[in-house]
Each structure stands twice: as structure tokens, then as C-alpha cells.
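Work through each task before you read its solution.

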Amino acid sequence: QVQLEESGGGSVQAGGSLRLSCAASGSIFRVNTMGWYRQAPEKERELVADITSSGSPNYADSVKGRFTISRDNAKKTVYLQMNSLQPEDTGVYYCKVGVVNILFKTIYYWGKGTLVTVSS
């Protein structure tokens, strides 16, 4: 079993910053790509950013230059630093982690989500 513990959501005014964290634990041989998705009210879940095991990041166009994704492989943790937040960034943010098990099979796990609310 693998557990993902997310933290760092909250309410902030436009222009503010938040930092999200997601730590993976459990039966993990290796962690592959880690990422953050978000879902705004009445919208589909979308990729915000992800990062490979070697540290290569990928960002949605809407967050480039404002958000930074990083990871600590020793802690099996991924971070999302969000600066210059705007009301359109409001939504539930979900962590997604690719875990390689002892059979060398990659299984993707989702966190339960953390709410980010940005007011104007």
C-alpha cells in the first residue's frame, strides 16, 4: 500500500503565495514522475506541473513563470511553490505519484486533494 499526504493549501489574496507538499510512503521500490493537478469548480482536472525522477519539470502554460515544482527524492516528497496567485488558480490541488513496486511495475496514486482559494 502507498499513501500520499498532501499539505499546504489554504486561502490567500491575489498576488500571494502558497507552498504545497506531498509525501509518499508505504511499499515503494522507487518513485518515478511526481506531479500536481488541479480541478476548479465545474471544470475538468488539469495538469499544473510534473517532474521526472531526474528532476526535469513540465508546466502548464497558465502557470509558467509563477509556479515552481521540485522534489526531494530522499523524502519521496514533491513540492509546488505557487507565487503571484490569481483567482483563476482557485481549485482543489491533487498530487499524483508514479510508484515502481517490487515487481518493477509503475502504479499511479492520487492524493485526496487540498483546497486552494485565491480571492481578488
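A polar contact is a pair of N or O atoms within 3.5 Å; within protein, one of them must be able to donate a hydrogen and the other to accept it. Keep in mind that this is a predicted model.

**Exercise 1.** Find D89 and work out whether D89 is buried or exposed, and which side chain makes a polar contact with the side chain of D89.

*Solution.* 
- Step 1: Look in the loop between β8 (77-82) and β9, where D89 is found.
- Step 2: The relative accessible area of D89 is 0%. Buried means under 20%, so D89 is buried.
- Step 3: The partner is R66: the two side chains make a polar contact at 2.7 Å.
- Step 4: Setting aside neighbours within four places in sequence, D89 is in contact with R38, R66, F67, S84, V116 and V118.

**Exercise 2.** Decide whether S21 is buried or exposed, and name residues that S21 touches.

*Solution.* 
- Step 1: Go to strand β3, residues 18-26, which contains S21.
- Step 2: S21 has a relative accessible area of 17%, so this residue counts as buried.
- Step 3: Not counting residues up to four places away in sequence, S21 touches E5, E6, S7, W36, V78 and Y79.

Conventions
Residues are numbered from 1 along each chain as its sequence is written. This is a predicted model: local features need pLDDT of at least 70, side-chain atom pairs count only at pLDDT 80 or more; totals for chains, interfaces and linings use all residues. Side-chain values use heavy atoms; hydrogens and water are left out. Helices (H or I, at least four residues) and strands (E, at least two) are DSSP runs, numbered from the N terminus. Buried means under 20% relative accessible area, exposed over 50%, partly exposed in between (1.4 Å probe, protein chains only). Contact means heavy atoms within 4.5 Å.
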